[in-house]
Amino acid sequence: MFAGVVQAVRAWADGAGGLGVLVVALLDSSVLALPNASDALIMYLAIREPGRWWYYAAMGIAGVVAGSWPLYLLARRGGQAFMERRLARSPTSRLMDWYARSAFVGLAVPAFLPPPFPLKVFVLAAGAAGYPWWRVAAALTLGRGARHLLEAGLASVYRDQAVQAVERYGATLAVAVAALVAVVFVAVLVWQRRAAHP
């Protein structure tokens, strides 16, 4: 599937450059669903111009952050009002309070993971929970930055072999990383709870 997406974007990618990466990433993280399109475009351009791999990755990161901003604002304005009216004492309210404290990991991990892991849902949840935007942007930059820099760096060095490797092992590696992060996160929570209640 991933290699097919690469072929699909090549028709216009030669003229799109970094601006094309920015637009595709922005659209994918806001109003449209373009699975793997920005990843494929970044890798293709990094293969074509290996010396600018970091630039294409940076444009992808910027597009994700910019595209997530409207979703965050929408959830921030509508979600908090809804929570105050309907969820004040419900278990959902307590869940959102917990997410407001833990949203950094809850954003960074989905930002790193490839489709079909949904990023928009977590951005909306962060907005509804009142998580500060600068932290949302930092988490998205960390998660998607790790993904795009890894893809672009591999593509600039290994070229088409990198595309094949991402298609074959990318999802497995991403799930393994997510599982590791989840285990560490749970361990930290348990340690904090034991420290607070000796």
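This is a predicted model: local features need pLDDT of at least 70, side-chain atom pairs count only at pLDDT 80 or more; totals for chains, interfaces and linings use all residues.

Val157 sits in helix α6. Buried or exposed, then, for Val157? With a relative accessible area of 55%, Val157 counts as exposed, because the cut-off for that label is over 50%.

Together with Leu150, Leu154 and Tyr158, Val157 makes a nonpolar surface patch of about 370 Å². As a reminder on helices, there are 3.6 residues a turn, so residues three or four places apart point the same way.

Now the helix as a whole. Helix α6 covers residues 133-158, which is 26 residues. How far apart should its ends be? At 1.5 Å a residue, α6 should span 38 Å, since the expected span takes one less than the number of residues. The end C-alpha atoms are 36 Å apart, which agrees. There is a bend in α6 of about 30 degrees, located at Gly145. After α6 comes Arg159, with a positive phi near 55 degrees.

Ala46 is in helix α2, residues 37-48. Its relative accessible area is 0%, so Ala46 is buried, the limit for that being under 20%. What does Ala46 touch, neighbours within four places in sequence left aside? The contacts of Ala46 are Trp53, Tyr56, Ala152, Ala155 and Ser156.

Next, the helix numbered α5. It runs over residues 120-128, and its buried residues are Val123, Ala125, Ala126, Gly127 and Ala128. Just after α5, Gly130 has a positive phi, about 75 degrees.

Last, the protein overall. How many helices and strands are there? The count is 7 helices and 0 strands, so the order from the N terminus reads α-α-α-α-α-α-α. Of the 198 residues, 42% are buried. The accessible surface is about 10900 Å², and carbon and sulfur atoms hold 68% of that. As for contacts with a separation of 6 or more, 82% are between residues 24 or more positions apart.

Conventions
Residues are numbered from 1 along each chain as its sequence is written. Side-chain values use heavy atoms; hydrogens and water are left out. Helices (H or I, at least four residues) and strands (E, at least two) are DSSP runs, numbered from the N terminus. The bend at a residue is the angle between axes fitted to the seven residues ending there and the seven starting there. Patches are made of residues with over 30% relative accessible area and no salt bridge: like charges are joined within 9 Å, nonpolar side chains (Val, Leu, Ile, Met, Phe, Trp, Tyr) within 5 Å. Accessible areas come from the Shrake-Rupley method with a 1.4 Å probe; for residues, only the protein chains shown count as cover. A salt bridge is a side-chain nitrogen of Lys or Arg within 4 Å of a carboxyl oxygen of Asp or Glu. Buried means under 20% relative accessible area, exposed over 50%, partly exposed in between (1.4 Å probe, protein chains only). Contact means heavy atoms within 4.5 Å.
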